[in-house]
Amino acid sequence: MDGRLPRIDHTSGPSWFRSFVCRHRVLLRAAPLMLCVGGIAENQSDAADRFSLFRRQNSATRPADRTSNPSRTESTRSEVLPTAAIDSTSALPPSPAKGIADKDQTGLVPSSTLKRFPQQQIAASSESATDRPINLEEDVTPIDLPAALRLAGYNSPQVLVAQQRMLAAAARQQLAAAQILPNLNIGMNYNEHTGALQRGSGSILDVQRSSLYIGGGTNAIGAGTVNIPGLQYNLNVGEAYFGYLVSRQLAASSQFGTQATQNNTLLQLATAYCQLVQAQGARAIAIQIRDDAAEIARITASFAKVGQGRPADAERAAAELARREADILATQVAVVEASARIGQLLNLESSVQLQSNENWAVPRAIVPDLIPLPELIAISLYQRPELSDRRAQVHAAMLQLQSAKMLLFSPQVIAGLSDGAFGGGSDVNAALTGKSQFGNFANRVDADLIMYWSVRNMGCANRALVKAATARLAATSWEQTQQLNDIRAEVADAFARTQASAAQLDIRQQAVLSSQQGYRADLERARAGEGRPIEVLDSLRLLAMSQRDYLDTITGYNQAHYALYVAIGQPPADLLARPAIENESSENLPEPE
């Protein structure tokens with residue numbers, strides 16, 4: 001079936017039947033449609049009665065103003081939010097993102113001039129199933145941005161991994177510095193020989209001898225030195241020296257890399273938090289628009305019931321109401337996804353659903369608009385830890401190249417000092433002297449110093465080491481240049497986003513006000529019977545679109561400022577304090593000649 005009415009064949013049947021069909025074929029085709037419209041109108045009238053009862057029950061609690069009503073939010077939050085919350089005043093370590101502040105907190109722009117948008121305005125009296133949030137568990141946990149940033153400092157896996165790598169680099173630096181200290185060896189060895197033994201003169205003796213050594217070092221046999229000294233050096237002077245310098249640069253590089261990872265993690269967390277605020281605000285807007293769509297559906301159904309409107313208009317209003325109900329569910333899913341993203345960054349349980357405790361979505365300007373782009377780029381080149389990381393890697397590559405060049409002239413030093421007790425004997429000595437075969441223990445001190453220069457693999461290995469170090473230095477230099485270009489692009493992109501979003505704030509706000517006035521005017525006109533209620537749907541859709549656009553603009557503005565603040569390296573507040581030139585005093589200017 002394709003949904004079309006069946007074709008009436010009037011060419012068959014008796015003649016009287018054919019003539020009747022020809023005269024009344026229009027009515028016969030329209031009869032099924034009229035039956036469907038009648039059933040829909042009856043169902044719509046029942047729905048209108050239910051909406052009318054619902055509106056009368058909740059007329060005392062419904063606010064008159066759609067855009068700003070904090071009391072409506074607080075009444076809802078008291079029912080939804082539990083008493084346990086992640087609060088910024090809890091005992092947590094200092095915030096790694098110290099310096100992030102609003103314009104009203106830094107004194108740049110008064111808080112009264114900030115444009116605001118309701119983040120949570122949910123009608124607590126609504127009984128619709130879509131009004132209940134989709135929770136992973138029964139309760140939700142409120143959280144604010146300062147608390148989230150503090151949690152990221154010691155609970156984020158990305159930050160913790162970077163910190164452990166920094167500790168490993170510091171340990172390698174300590175290992176390189178410890179090469180200046182000798183190895184300490186303490187032990188003993190026992191040696192026994194039975195059989196033929198050759199003298200220095202060439203004669204062969206059948207000897208049974210044994211010896212024992214105990215003290216600093218070990219492996220002392222016969223007249224030779226202690227093979228494993230008690231205090232032992234065995235290092236290349238040049239490799240040890242440059243190795244320590246390289247390890248120090250790599251430790252600094254790891255430290256700057258950890259700071260960069262921390263900054264990026266905080267940026268991701270701030271972005272996710274803005275998305276959570278945006279999702280909650282979108283849910284509040286969806287509920288408001290759904291309530292207004294329900295009112296339009298009630299009025300349209302009432303008009304259709306008394307014959308002042310078309311049943312098709314009632315159907316369109318009902319379809320719009322169903323669409324708005326589905327929008328609420330979609331926004332609830334967005335809230336859950338944003339909460340899960342924050343939980344992922346903070347290493348929280350997947351069943352914990354977070355909820356922002358902010359009642360308003362407010363534009364937050366962190367970087368003053370007075371600072372031009374070239375100056376922001378200059379600040380970023382001075383503050384960004386990624387550039388410091390690259391500079392440390394370039395310095396380390398330069399030291400490795402110097403080490404490879406000096407390796408041919410760097411001596412290998414082997415030194416040892418041993419002190420212990422040594423004794424023993426043989427059957428030949430016992431036969432000659434009549435003394436014990438094993439004895440004569442006395443103190444023994446051995447000192448050894450060996451120094452030599454090595455041309456590795458006939459110089460081929462030294463040449464290969466120099467070439468590899470040269471290529472490594474060139475690669476790190478180009479990586480530094482690439483990082484520099486990336487930082488410039490990040491600062492320029494974030495700056496452009498802040499400027500564009502700031503320019504759109506006033507436009508979006510004015511669009512919301514205009515759409516609100518237009519919607520209210522059309523609604524009052526429809527209630528007074530001066531127009532068709534179905535015409536209010538266009539104003540409602542425009543109002544929903546303008547509110548969402550305004551909320552998205554505020555979210556984009558905040559995210560752009562967070563990105564710009566991280567892009568310039570999170571400088572301290574005094575570095576961003578840039579007074580205007582015209583306000584500077586002229587007392588320090590030089591006197592004209």
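Mentor: Of the 593 residues in the protein chain, 40% count as buried; that word means a relative accessible area under 20%, while exposed means over 50% and partly exposed lies in between, using a 1.4 Å probe and protein chains only. The model is a predicted one, in which local features need pLDDT of at least 70 and side-chain atom pairs count only at pLDDT 80 or more, whereas totals for chains, interfaces and linings use all residues. Residues are numbered from 1 along each chain as its sequence is written, and side-chain values use heavy atoms, with hydrogens and water left out.

A contact means heavy atoms within 4.5 Å. Where contacts in the protein chain join residues at least 6 apart in sequence, 84% of them link residues at least 24 apart.

The packing of helices comes next. Two packed helices are described by the angle between their axes and by the distance between those axes. Here the axes are lines fitted to C-alpha atoms, for helices over the stretch in contact, and the angles run from 0 to 180 degrees between N-to-C directions.

Helix H6 covers residues 237-305, and helix H4 covers residues 145-155. Their axes come within 10 Å and cross at roughly 150°. H4 and H6 are therefore roughly antiparallel to each other, since angles over 145 degrees count as roughly antiparallel, under 35 as roughly parallel, 65 to 115 as roughly perpendicular and the rest as oblique. H4 passes H6 in a right-handed crossing; a crossing is right-handed if the near helix is turned clockwise from the far one by less than a right angle, and left-handed if anticlockwise. On the H4 side the contact is made by Leu 145, Ala 148, Leu 149 and Ala 152, and on the H6 side by Leu 266, Leu 269, Ala 270 and Tyr 273. By class this contact has eight nonpolar residues, no polar ones and no charged ones. Ala, Val, Leu, Ile, Met, Phe, Trp, Tyr, Cys and Pro count as nonpolar, Asp, Glu, Lys and Arg as charged, and the others, Gly among them, as polar.

With a relative accessible area of 4%, Ala 270 is buried. Apart from its neighbours within four places in sequence, Ala 270 is in contact with Leu 145 and Tyr 562. Tyr 562 lies 292 residues from Ala 270 in sequence, yet their C-alpha atoms are 7.1 Å apart.

H6 also packs with H7, at an angle of about 165° and with 8 Å between the axes. That makes H6 roughly antiparallel to H7. The crossing of H6 and H7 is left-handed, and the residues of their contact divide into 26 nonpolar, seven polar and seven charged.

H7 (residues 311-346) in turn packs with helix H12 (residues 536-567), at an angle of about 15° and with axes 12 Å apart. H7 and H12 are therefore roughly parallel to each other, and H7 passes H12 in a left-handed crossing. Arg 316, Ala 317, Glu 320, Arg 324 and Thr 331 of H7 make this contact with Leu 537, Arg 541, Ala 544 and Arg 548 of H12. By class, the contact of H7 with H12 has three nonpolar, one polar and five charged residues.

Two loop residues complete the account. Most residues other than glycine have a negative phi. Asn 347, in the loop between H7 and strand E8 (354-356), has a positive phi of about 60° although it is not a glycine. At 48% relative accessibility, Asn 347 counts as partly exposed. Gln 570 sits in the loop between H12 and helix H13 (573-576), and its phi is likewise positive, near 50°. Gln 570 counts as buried, at 13% relative accessibility.

Definitions and conventions
Helices (H or I, at least four residues) and strands (E, at least two) are DSSP runs, numbered from the N terminus.
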